[in-house]
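Student: I've got a model open on my screen and I'd like to talk it through. Can you take my questions one by one?

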Amino acid sequence: MGFDTFRAIDLNFEFDGLQIKTIDANHEVFLRSFANHYHSFYELHYIVKGHGTLVLDNISHDLNEGDIFLIPPRVAHAQITDVKNPMEEYHYSFEIRKIRKNVKSKIGEVLMGTDFLMVQDSYDI
């Protein structure tokens, strides 16, 4: 997928009483770090190359090629790049709103209840 194609992603849909809305889709090489901050939306990151550190709730997590991580809303985090080997990543921001009181499926419950999640790409995305 090319950069322009990824940046044009605009997924807005309803699922199981939830409304999913794209905030931003981006591809970037981190030549600078991002200080501690938080958002009102989810952030999904995929590290393509390079190395860095994610600081989340005062806990440091090494970031390397193939790492995928999800940061939920209102969780303070900083992203520090390795200037000798800067991170390249795809980043997708989205919000989830309940549009019905009862979310009935397991997938909906998981989406609304997910805290920080970090996995290694084992499928060569």
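## Talking through the chain

Tutor: Let's start with Asp57, which is exposed, with a relative accessible area of 53%; exposed means over 50%, buried under 20%, and partly exposed in between, using a 1.4 Å probe and protein chains only. Before going on: this is a predicted model, where local features need pLDDT of at least 70, side-chain atom pairs count only at pLDDT 80 or more, and totals for chains, interfaces and linings use all residues. Residues are numbered from 1 along each chain as its sequence is written, and side-chain values use heavy atoms, with hydrogens and water left out.

Student: Where is Asp57 found?

Tutor: Asp57 isn't a glycine, yet its phi is positive, at about 50 degrees. As for its place, look between residues 51-56 and 59-64: Asp57 is in the loop between β5 and β6.

Student: And Asn58, is that buried or exposed?

Tutor: Asn58 sits in the loop between β5 and β6. Its phi is near 65 degrees, a positive value in a residue other than glycine. With a relative accessibility of 76%, Asn58 counts as exposed.

Student: How many bridges pair β5 and β6?

Tutor: Two strands pair if DSSP finds at least two bridges between them. Leu56 stands opposite Ile59 in β6. β5 and β6 pair in the antiparallel sense, and the bridge count is six.

Student: Which strands stand at the edges of that open sheet?

Tutor: The open sheet has four strands in the order β3-β8-β5-β6, with antiparallel pairing. Each edge strand has a single partner, so one side of each is left without a neighbour in the sheet; the edges are β3 (34-37) and β6.

Student: How many helices and strands does the secondary structure come to?

Tutor: Both kinds are DSSP runs numbered from the N terminus: helices are H or I with at least four residues, strands E with at least two. Reading from the N terminus, the elements go α-β-β-β-β-β-β-β-β-β-α-β. The tally is two helices and ten strands.

Student: Is Glu88 buried or exposed?

Tutor: Glu88 lies in strand β9, residues 88-98. Leaving aside neighbours within four places in sequence, Glu88 is in contact (heavy atoms within 4.5 Å) with residues including His27, Tyr46 and Lys49. Its relative accessible area is 15%, so Glu88 is buried.

Student: What is the bridge partner of His27 in β9?

Tutor: Strand β2 (residues 18-29) and β9 pair in the antiparallel sense over eleven bridges. Strand β4 (residues 42-49) also runs antiparallel to β9, joined by seven bridges, with Ile47 opposite Glu89. For His27, the partner in β9 is Tyr90.

Student: What percentage of the residues count as buried?

Tutor: Among contacts between residues at least 6 apart in sequence, 72% join residues at least 24 apart. Of the 125 residues of the chain, the buried share is 38%.
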